[in-house]
Amino acid sequence: FKPDGTVTGHWCREQATGREPILPMKAEPVAEPDPSRRFALLAEEGDADPSADVAGTWRMEFDRYGIAKGVFQEQAPGVLTGTIEVPSEYGDLRFLAGNVRGARLQLSTFDGQHAFLLEGELQTDGVMEGAWVNHLVRAPFVARRDDDFEVPDPLERVAFVPDEQRLELEPLHDSIFDGKPVIVEIFGTWCPNCNDHAPVLVDLHRKYRSEGLEILGLAYEYGEDLEYKQRRVREFKKKHGIEWEIVITDATLEDLASEGLAGLSPIEGVPVTIFLNRDRTVHAVYSGFSGPATGEAHSKAKAELEKLTAEILEGL
């Protein structure tokens, strides 16, 4: 703390090896937040320029992450909000907010795991060029307006290997699962989209467990310290009010990406939700989750998960 009221330091993220400083930071007091000056330097540079209209849906192509869907809204002159759905990451970037001045825009977010900055500039031909930046990488992108663009269907991203019908996982041999429909969730406590996903599963469990629904969580946690991973899972369960079993796996995300899981094709990210019939045959595999920042896509995702749950309960 400085005499002038400012605070300097580092954003630290807890890892299995301890708390590690990630980014230097500085904070200074303000009477109240001013969304129009979230990026003060950008606002000062472009105060005299009319702002470009970037509201709407964009098909974004990242050098590093492939194709994504950006949706932006202009809340007030020069004030932008929105999010980006990134299928290869199996989720969205949560709530982006920032400014547009002239042809330039900057939006940022902190999703609980990463600090993100999105920088873009609208070209004379209507194409947007820029980069998505976090503390590790700078990923360039090119984006074009496309109101009809949709990301790949979550039910088609991960396939069940032909000739395989049952999900053979050791934890499923517990008698608690015998003859019951089961949702298997592949997730990580560190995953922002998994934290958005958890409340939806909690609601489904509370609503349908009297009809026999069971849920099993498979946690893919970083590091070799089992005590640290167990603590993270306990905190995750307490935070979301989870009442089902969570098994910490010995495998890694790299194993999922290269080998898949028990008859599934390779899995690039989490969460992945597997719906099992009463005989443990696979009814559906739903990859990723569109969080609250995606608006209509979030409502659609919740409705789809409820529909799939009803189908395994009814044996459809």
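This is a predicted model: local features need pLDDT of at least 70, side-chain atom pairs count only at pLDDT 80 or more; totals for chains, interfaces and linings use all residues.

## Helix α2

Helix α2 covers residues 192-208, which makes 17 residues. From first to last C-alpha the helix reaches 25 Å, close to the 24 Å expected at 1.5 Å a residue. Most of α2 is covered, with 13 of the 17 residues buried.

## Packing of α2 on α5

The partner described here is helix α5, residues 296-314. The two axes come within 11 Å and cross at roughly 35 degrees, and the crossing of α2 with α5 is right-handed.

On the α2 side, the contact involves His-197, Val-200, Leu-204, Lys-207 and Tyr-208. These meet Lys-302, Leu-305, Glu-306, Thr-309 and Leu-313 of α5. By class, the contact residues are five nonpolar, two polar and three charged.

With strand β4 (residues 66-76), β5 pairs in the antiparallel sense through seven bridges, and Lys-69 stands opposite Glu-85 of β5. The hairpin of β4 and β5 has two residues between the strands, and Gly-78 there takes a positive phi near 80 degrees.

Strand β6 (residues 91-92) pairs antiparallel with β5 over two bridges. Glu-85 has Asp-92 of β6 as a bridge partner. Four residues lie between β5 and β6 in their hairpin, where Tyr-90 in the turn has a positive phi of about 65 degrees.

## Pairing of β5 with β7

Strand β7 (residues 96-101) runs antiparallel to β5, and four bridges join the two. Leu-80 is bridged to Gly-98 in β7.

Technical notes
Residues are numbered from 1 along each chain as its sequence is written. Side-chain values use heavy atoms; hydrogens and water are left out. The expected span of a helix is 1.5 Å times one less than its number of residues. Buried means under 20% relative accessible area, exposed over 50%, partly exposed in between (1.4 Å probe, protein chains only). Axes are lines fitted to C-alpha atoms, for helices over the stretch in contact, and angles run from 0 to 180 degrees between N-to-C directions. A crossing is left-handed if the near helix is turned anticlockwise from the far one by less than a right angle, and right-handed if clockwise. Contact means heavy atoms within 4.5 Å. Ala, Val, Leu, Ile, Met, Phe, Trp, Tyr, Cys and Pro count as nonpolar, Asp, Glu, Lys and Arg as charged, and the others, Gly among them, as polar. Two strands pair if DSSP finds at least two bridges between them.
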